[in-house]
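The following note sets out a few points for a colleague who wishes to read this structure closely. Please keep the sequence and the model in view while going through them.

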Amino acid sequence: MASPQMVMYEEEFAQVQAVTNRLVQDANARVVFVIDKNGQLISASGDTGELDTTSLASLTAGTIAATGGIAELLREQEFATQYHEGVRQNVHIQVVSGRVILVVIFDNRTSLGLVRLRVKRATEHLTRIFEMVMAKAQDPFQSSPFAEITDDDIDNLFND
Amino acid sequence: MSFINYLSREINCKIVYYGPGLCGKTTNLQYIYNRTNPDAKGKMISLATETERTLFFDFLPLEIGEIRGFKTRFHLYTVPGQVFYDASRKLILKGVDGVVFVADSQMLRAEANIESMDNLRTNLAEQGYNLDTLPYVIQYNKRDMPNISPVEELRHLLNTGNVPDFDAIATTGEGVFETLKSVAKLVLTELKRGAAR
């Protein structure tokens, strides 16, 4: 494997969720979510009811990947912050420690300045949490759920 | 790179459909989407040009069941097949857990198949992957077309690693789910093997 598997245990997940919950409140945002750079949704807070978060995660990761490609062509560092302004809603995207993406969707109840300020603090917290997550993933003594899976379990999944 | 979430008890894996332009990658995903129970699938997203050629990728999230209490999800992606979209293809391969190479069986596309296979190998290597060790299957698509190469010939040209391979007609669905099941099984087996190391 080219990159280590990402495993989120309950403890770190709760910490990430606490950061995103707080960001929704502090920034007065509509929705906040954290995804990994491969497009997997890690956590979501706020008014996610009507949102297709799986698709949003995949498309946001695609955007970051595409601008990352542009940066490479320009011999620039990654564009770590992006902002999309809409008529009613805006999206602020921040790459955290080169590994995960923090997305804030907000409307006119708040301002870009406040969102930026709060994202900065949340980014610091998330950086620390994901450093722990990756350290754990590389720890050979941490068990993986796959260690207990048998070939029969896999076969059973595909029995019609 | 698979993603395991203990709190929501989910395992997510990424499978990429690769192959030359117009070989039927998007058609594979469309067939899977149309034939899957609505509870088990998310929305299919296609970032395509006005002429319905894939511009960036197609995306289809699929839930295939539970394994030891973990919901197992596969995120299926296609790449744009046209030669000049190489930069986009590289991006989509990031974090891949398994690859389906869709070959176009038509004789006229033999060279395009080989070129795309070489391109897959090169682009994977750039990301630090080796096609010979990655969960990987081949599909010989468009078996219903006139002027197709015999499967033995395609196998000789493309399947040098002797990986699982399947005949398919993606428009009617023949071979589509067989291909998907095979690669999904290889991905899970590889994750299990990785955990045991």
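**Notes on the model**

1. A:Ser97 is placed in the loop between strand 5 and strand 6 of chain A; helices (H or I, at least four residues) and strands (E, at least two) are DSSP runs, numbered from the N terminus. The model is a predicted one, in which local features need pLDDT of at least 70 and side-chain atom pairs count only at pLDDT 80 or more, while totals for chains, interfaces and linings use all residues. Residues are numbered from 1 along each chain as its sequence is written, and chains are lettered from A and ligands numbered from 1 in the order in which they are written.

2. Although A:Ser97 is not a glycine, its phi is positive, at about 45 degrees. Most residues other than glycine have a negative phi. A:Ser97 has 15 other C-beta atoms within 10 Å and is therefore partly exposed; a residue is buried if 20 or more other C-beta atoms lie within 10 Å of its own, exposed if 12 or fewer, and partly exposed in between, with C-beta atoms placed from the backbone. The turn that holds A:Ser97 belongs to a hairpin of strand 5 and strand 6 of chain A, with three residues between the strands.

3. Strand 5 and strand 6 of chain A pair in the antiparallel sense over seven bridges; two strands pair if DSSP finds at least two bridges between them. In strand 6 of chain A, A:Val104 is the bridge partner of A:His92. A:Val104 is also the bridge partner of A:Val32, and strand 2 of chain A is joined to strand 6 of chain A by six bridges, the two running antiparallel.

4. These strands belong to an open sheet of five strands in chain A, with the order 3-2-6-5-4 and antiparallel pairing. Strand 3 (41–46) and strand 4 (81–85) of chain A stand at the edges with a single partner strand each, so one side of each is left without a neighbour in the sheet. From one strand to the next the twist averages 15 degrees. Strand 4 of chain A pairs with strand 5 of chain A in the antiparallel sense over five bridges, and A:Gln82 stands opposite A:Ile93 in strand 5 of chain A.

5. How many residues of strand 6 of chain A are buried? Seven of the seven are, so this strand is largely enclosed by the rest of the structure. In a regular strand the side chains alternate between the two faces of the sheet. Both faces of strand 6 of chain A are covered, with A:Val100, A:Leu102, A:Val104 and A:Phe106 buried on one side and A:Ile101, A:Val103 and A:Ile105 buried on the other.

6. In helix 3 of chain A, the buried residues include A:Val115, A:Leu126 and A:Phe130. Among the elements that cover the buried residues of helix 3 of chain A are strand 1, helix 1 and strand 6 (100–106) of chain A. The 26 residues of helix 3 (residues 112–137) of chain A should span 38 Å at 1.5 Å a residue, and the end C-alpha atoms are 35 Å apart, which agrees; the expected span is 1.5 Å times one less than the number of residues.

7. The largest nonpolar core has 93 residues, and A:Ala29, A:Ile35, A:Val104, A:Leu126 and B:Val16 have the most contacts inside it. Such a core is a set of buried Ala, Val, Leu, Ile, Met, Phe, Trp, Tyr and Cys residues joined through C-beta atoms within 7 Å. Its largest share, eight residues, comes from helix 5 (residues 176–196) of chain B.

8. The contact between the chains takes 33 residues from chain A and 39 residues from chain B; two residues are in contact if their C-beta atoms, placed from the backbone, lie within 7 Å. On the chain A side, helix 2 of chain A supplies the largest share, eight residues. Strand 1 of chain A pairs with strand 1 (residues 3–5) of chain B in the parallel sense over three bridges, and A:Met8 stands opposite B:Asn5 in strand 1 of chain B.

9. B:Arg68 lies in the loop between strand 4 and strand 5 (70–78) of chain B. The phi of B:Arg68 is positive, near 50 degrees, in a residue other than glycine. B:Arg68 counts as partly exposed, with 13 C-beta neighbours inside 10 Å.

Methods:
Axes are lines fitted to C-alpha atoms, for helices over the stretch in contact, and angles run from 0 to 180 degrees between N-to-C directions.
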